[in-house]
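Please open the structure in your viewer and keep the selection panel at hand.

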Amino acid sequence: MKRRIEWIDCLKAIAIIFVVIGHFPISYLFKKYIYSFHLPMFFILSGLTFSVYKFNDFKSFVLHKFKGILLPYIFLNISYFVFFSLFFKVLENNDIGLLEIINGIIYGNNDQYFLLNGPTWFLPTLFLIELLGYVVIKYFNDDEKQLMLVAFGLLIYGYIENVAKKNFFMPWHVNSVPVACALFLMGYLFMKKYKSSEILRERMKSPNLGYGIIFLLIGLYFSMKNGRVSFGGNHYHSMIYTLSAIIFNCSTYYIFMKKIISIKFFSRLLCYIGKNTLFILGFHKAVLILINYSFTVASVVTASFLA
């Protein structure tokens, strides 16, 4: 069994925590800050853990990713549909039909069709990102310089699409794949450097907290200076600000995370969350809806008693 890397699991935990917070009714500025880096962090982390060498051929790779990404996507949406049908009778009480729900699952783009379990749009997009990543890495024989050039080219293409505002409603958020895959490749290249450089590994073991505070302030600046970023909608505004916010904010939470996990309780907690990000992604909205529903019922009952 492949040995998991603790700090990657912990960063996944931080990223999914921000995803959950982003679905709370929070202020616009806080949401703007979170959305500037939480999904990019997932794209980078996916690249960090990616390997083309454990698969015999492209067919085995696709099958593995289908089982690991698309099947959970289908399961999570069917489970969500069952949840809504049982508790809220979604087909009876809304204008949403069964065909629209099925179309939403197939299309995987909540901006075009109604995707009942909205946060899961990320999964088919990740499937496409990893497919493209595999093809690119194989085609260029894992050459670092060429892969960096490809990543740069994907960023430019994604930015052109962003400015042109074309293909916003493409299935599986295909229009978001170029920029996301560029981040994925950056994560992949960083891990290659991490594995080959003992100096880098040593420096990353105990990062300076002061740098974390400085990076936090710089990341906040770029997040606030830029417009509202949406990786699902392929909206980046200034690509320089977008990339700067990603780099500095991700670096910030890496440094903070390394300090936090020195306490065993937080280390175990973050590792546990990081290992279960797929479950949290798929079911956190249902939990939030139930909590909101419970508060609504409680307030109605309380009001009836006080009346």
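Select residues 38–48, which form helix α3. Of its 11 residues, 10 are buried, so this helix is largely enclosed by the rest of the structure. Buried means under 20% relative accessible area, with exposed over 50% and partly exposed in between (1.4 Å probe, protein chains only). Colour the buried residues of α3, among them His 38, Pro 40, Phe 42, Phe 43 and Gly 47. Leu 39, Met 41, Leu 45, Ser 46 and Leu 48 are buried as well.

The model is predicted: local features need pLDDT of at least 70 and side-chain atom pairs count only at pLDDT 80 or more, while totals for chains, interfaces and linings use all residues. Residues are numbered from 1 along each chain as its sequence is written, and side-chain values use heavy atoms, with hydrogens and water left out.

How many helices and strands does the protein chain have? There are 14 helices and 0 strands, where helices (H or I, at least four residues) and strands (E, at least two) are DSSP runs numbered from the N terminus.

Along its principal axes, the trace spans about 70 × 45 × 45 Å. Return to all atoms and consider contacts, meaning heavy atoms within 4.5 Å. Among contacts with a separation of 6 or more, 77% are between residues 24 or more positions apart.

Finally, colour the chain by burial: of its 307 residues, 46% count as buried.
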